[in-house]
Amino acid sequence: ASRLVRSRPTLAMFTTVLVTSLAVQRAAPRTQLCRLRGGAAEALAPGRPTLTLAAADTMADATLRECESRGFKDISVFVVDASGRTLVSKTMVGAPPLIPTIAEAKAGAAIGTHSSSRALKDKYVPERTPQLMAMTTLSATTHRPFAAVPGGVLCRDAASGLVVGAVGVSGASADEDEHCALVGAQACGFATEPATSALGDL
């Protein structure tokens with residue numbers, strides 16, 4: 001005969017396990033929150049770095065202000081999160097109708113490849129243009145906006161290096177679009193790709 005007695009789980013045992021589990025979760029360290037410069041709004045949600053709506057709105061506004069202050073042509077700006085979902089999009093009244101579509105596609109290219117849209121252009125054009133065309137076709141097939149033209153800026157959490165979103169801008173020259181996107185992204189303290197503006201004066 002067996003010398004082991006198999007006890008049945010009791011309500012008290014389940015209660016102990018549940019309480020212990022909750023205590024471990026409460027004791028787990030939480031990611032520190034990145035706060036917007038000059039304000040109390042949180043730029044990142046707790047846990048895995050996630051771009052907030054407040055931060056996206058701040059980034060879009062900073063982008064448009066930079067455009068206005070520089071006297072560039074009217075632009076459109078799209079701010080997307082790490083999944084490519086558009087959080088905020090804003091378009092100046094003088095921008096032509098196609099411009100918002102291009103801005104969204106620049107942001108889509110950056111978040112879809114985890115690189116800036118400028119880096120994509122430099123990597124594939126002209127030697128590997130057919131490969132870039134194939135990527136563009138695949139993006140269209142899957143209904144993912146994609147344009148490998150400067151103006152799409154990748155945003156990373158400065159502390160962890162994780163991708164949190166992207167900013168796409170169109171309407172001015174490519175270098176001016178990218179410059180405005182960089183100003184917007186860096187307004188919340190995010191690390192950006194590229195890190196510096198082609199205009200040289202961030």
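**Close-up 1. Strand 1 meets strand 4 in this predicted model.** Strand 1, residues 76–81, pairs with strand 4 in the antiparallel sense, and six bridges link the two. Look for Val79: its bridge partner in strand 4 is Val167. Strand 4 itself covers residues 163–170, and eight of its eight residues are buried, so the rest of the structure largely encloses it.

**Close-up 2. Strand 3 and strand 4 form a hairpin.** Here strand 3 (residues 152–156) runs antiparallel to strand 4, joined by five bridges. Arg156 stands opposite Val163 of strand 4. Six residues sit between the strands, and in this hairpin Gly161 takes a positive phi near 80°.

**Close-up 3. Inside the largest nonpolar core.** This core holds 27 residues, and Met59, Ile75, Val79, Val167 and Phe190 touch the most other members. Two or more residues come from each of helix 2, strand 1, strand 3, strand 4 and helix 6, with helix 2 giving the most, six residues. Zoom in on Met59: leaving aside residues up to four places away in sequence, its contacts include Leu51, Val79, Cys155, Val167 and Phe190. A second, separate core has nine residues, among them Val80, Ala110, Leu154 and Ala166.

Conventions. Residues are numbered from 1 along each chain as its sequence is written. This is a predicted model: local features need pLDDT of at least 70, side-chain atom pairs count only at pLDDT 80 or more; totals for chains, interfaces and linings use all residues. Side-chain values use heavy atoms; hydrogens and water are left out. Buried means under 20% relative accessible area, exposed over 50%, partly exposed in between (1.4 Å probe, protein chains only). Helices (H or I, at least four residues) and strands (E, at least two) are DSSP runs, numbered from the N terminus. Two strands pair if DSSP finds at least two bridges between them. A nonpolar core is a set of buried Ala, Val, Leu, Ile, Met, Phe, Trp, Tyr and Cys residues joined through side-chain atoms within 4.5 Å. Contact means heavy atoms within 4.5 Å.
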